[in-house]
Amino acid sequence: TGGGGDSGRQRRRRHRPAPAVASQAKEPRVEAPAEQLHRLNASGEPFLNDGRWKKPLHGIAEPRWQEAAARDLGRHIARFMPYPAYYPRICTSDDYWRRTGLDYHPANVRRFREAYGIDPPRPPEVLERDFPESVSRAKGVIPDDDPWVLWMRFVSRNVLGGFNRQLADSVLKATDGRGRIGPVCGGSEGAMGFVPYADMASGQWPPHNFGENGFNMLCCYNYNLYHFPALAQVWWAEVGRMGNRDLEQWLMPETMDRRRYAHLQNWYLYMACDLDGLAYFIYEWSKPGALEALRQVGPVTRRYRRLLAELEPAPRNVGLLMPFEQCCFRPDYPARAMYAFCNLAMAHAEVEPVLPQELAQHAGRYEAVLLHDVDWLTESSVRALRQYAAAGGTVLCDALTEVELPGAQRLEFALAEGDRKSAYGNVEHIARVRQA
């Protein structure tokens, strides 16, 4: 089957009800002026998404607000526990990309200064735009303490991940340790769910937001609507598992596309994603084509439910490197790297995204690790690749990769381009990838 996760994972599944959606409708009460809670851009002004928003939104930086939100959620979940039918799987943080990520709130600035002894960097691109498409830096190997990488890691792991961890702890306390909670926070402005899990502008990076650093259930919404190719469904599920390959994973798909066949195709891809559960977004926007598709796959699900539950992914022996530092300077990199993943998958490579930090744990798992269009690596990432190669692994860099890695093999072509029209489904290109 398609999908991913740890090849050694043996998880038995059973029929499960949909998770409760616990996106807090009301803001937690905090005794503080509203302006003290606002998310701030690099200029210190309220974050208005370059003028697209009419009024400021508060962020999550204020510690008292985080604590109040976690308490409120715990009380809310505890009310359901007396009901025997309640299955404590919770989706929360709906559209929190509006509130999270880059935020020069005084609490964040103070905590960062205390941790690293420097002020958060404010590059020209971030002063010009609330959501920068890129941040300039000389390409190549960079130090681990690069200020911009440190700041992006801080807002991703310490701020958002720390808040997620408080919510997870509150749920565990309210459910006697049985609860699982994850976000349905989607992607950046203008994307509306097209970029789940890995979106630097909103602080989303799976190893920083889940597991010991955050939520205890992988989850997102993905309203693909063919903004990206359908195979992106598998890609985002794989990206979500990076650094947390043993966590339960759910998905909230959309029902707004008018095309019945689109939902049928997506459903079979969901089955290939090795997910633990689906919780469809079904509201007044649901289209007849979506409901018709669900009626069609319902009997298939019921008839083959045990088979679908027991299927395990094929072992992955090719890693597509996903360095955090690359995404710091090019926030759209996860969405663009998807095309390389798709081409490799269609060339019948058993591929999954992998972090440099995971290579030591999986040294014997990958026959090759591929770098696609990578321009920045930290010194520790380079060490991880060298150690992997010293253990017998093969490191391949495609023609778009500009960072220099001594000992790595060079491909004469790019694994993909960043444009769907030329990058996806090109039979000749896929054949070339397969031959390599």
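Glu-238 forms a salt bridge with Arg-241, and their closest N and O atoms lie 3.7 Å apart. A salt bridge here is a side-chain nitrogen of Lys or Arg within 4 Å of a carboxyl oxygen of Asp or Glu. This is a predicted model, where local features need pLDDT of at least 70, side-chain atom pairs count only at pLDDT 80 or more, and totals for chains, interfaces and linings use all residues. Residues are numbered from 1 along each chain as its sequence is written, and side-chain values use heavy atoms, leaving out hydrogens and water.

Both partners sit in helix H6 (residues 232-241), 3 residues apart, about one turn of the helix. Helices (H or I, at least four residues) and strands (E, at least two) are DSSP runs, numbered from the N terminus. Glu-238 and Arg-241 are both buried. Buried means under 20% relative accessible area, exposed over 50%, and partly exposed in between (1.4 Å probe, protein chains only).

The structure holds 22 salt bridges. Another one joins Glu-352 and Arg-365, at 2.7 Å from N to O. Glu-352 lies in strand E9 (residues 351-354) and Arg-365 in the loop between E9 and E10, so the pair ties together parts 13 residues apart in sequence. Both Glu-352 and Arg-365 are buried. Elsewhere, salt bridges that share partners join Lys-139, Arg-330, Asp-373, Asp-375 and Glu-402 into one network.

Now the strands. Two strands pair if DSSP finds at least two bridges between them. Strand E10 (residues 368-371) pairs with strand E12 (residues 394-397) in the parallel sense, over 4 bridges. Leu-370 has Leu-396 in E12 as its bridge partner. E12 also runs parallel to strand E13 (residues 409-410), joined by 2 bridges. There, Cys-397 has Arg-410 in E13 as its bridge partner.
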